Amino acid sequence: MTEIEKETGMTEDECEYWDEYITKNPVRLGPDLAKMGIKPGFAHNYLPLSELDRDVTEYLRIQAATFHKSQIQVINDLVREKIAANI
């Protein structure tokens, strides 16, 4: 039994197969936060969009598609407008 077989319980051929498979087909666990405009390490600062009601989510989706922005960018723009109006 080789060292790889001892550590993984798989043959070298099986390890090579899965290595190639995972390399060509990366696993995605959850949404692509970068596409949502959320930078790595800052996800904890944002409310999950799933907590928004349906009308708000639909509005954000349409605005993001219309202006080629992420939904987070649309939210930022709306909040900045609100802040500017109060100054």
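**Exercise 1. Describe the overall architecture of the chain.**

Solution. The chain contains 4 helices and 0 strands in this predicted model. Followed along the sequence, the elements give the pattern α-α-α-α. The next step concerns burial: 10% of the 87 residues count as buried. The chain exposes about 7700 Å², and carbon and sulfur atoms supply 57% of that area. Finally, among contacts with a separation of 6 or more, 24% involve residues 24 or more positions apart.

**Exercise 2. Determine which side chains meet in salt bridges, and place each pair in the structure.**

Solution. The criterion is a side-chain nitrogen of Lys or Arg within 4 Å of a carboxyl oxygen of Asp or Glu. By this rule the count comes to 3 salt bridges.

Step 1. Lys24 and Glu20 pair with an N to O distance of 2.9 Å. Both belong to helix H2, where a spacing of 4 residues separates them by about one helical turn. Lys24 is exposed at 59% relative accessibility, whereas Glu20 is partly exposed at 45%.

Step 2. Arg61 forms a salt bridge with Glu58, with the closest N and O atoms 2.5 Å apart. These two residues lie 3 residues apart in helix H3, about one turn of the helix. Arg61 has a relative accessible area of 43% and Glu58 one of 36%; partly exposed is the class of Arg61 and of Glu58.

Step 3. Asp77 and Lys69 form a salt bridge at 2.3 Å, N to O. Asp77 is partly exposed, at 26% relative accessible area, and Lys69 is partly exposed at 35%.

**Exercise 3. Identify which residues form the negative surface patch and which form the nonpolar one.**

Solution. Step 1. The negative patch consists of Glu12, Asp13, Glu14, Glu16 and Asp19. Glu14 lies in helix H2, which spans residues 12-24. A patch member must have over 30% relative accessible area and no salt bridge. Glu14, partly exposed at 38%, is one of the residues in this patch.

Step 1. The nonpolar patch covers about 680 Å² and is made by Tyr17, Trp18, Tyr21, Ile22, Val27 and Leu29. Tyr17 is likewise located in helix H2, and its relative accessible area of 48% makes it partly exposed.

**Exercise 4. State how far apart in space the residues of the pairs Thr2 and Glu12, and Thr57 and Gln71, are.**

Solution. Step 1. Thr2 lies in the segment before helix H1 (3-8) and is partly exposed at 30% relative accessibility. Thr2 and Glu12 are 10 residues apart in sequence, with a C-alpha to C-alpha distance of 8.3 Å.

Step 1. Thr57 is in helix H3 and is partly exposed at 27%. Thr57 and Gln71 are separated by 14 residues in sequence and by 8.7 Å in space, C-alpha to C-alpha.

Key. Residues numbered from 1 in each chain as written. Predicted model: local features only at pLDDT ≥ 70, side-chain atom pairs only at ≥ 80, totals over all residues. Heavy atoms only, no water. Patch = residues over 30% accessible without salt bridge, like charges linked within 9 Å, V, L, I, M, F, W, Y side chains within 5 Å. Areas by Shrake-Rupley, 256 points an atom, 1.4 Å probe, with all protein chains shown as cover. Lys, Arg positive; Asp, Glu negative; His and termini not counted. Charge placed at Lys NZ, Arg CZ, Asp CG, Glu CD. Buried < 20%, exposed > 50% of the residue type's maximum accessible area, 1.4 Å probe, protein only. Contact = heavy atoms within 4.5 Å.
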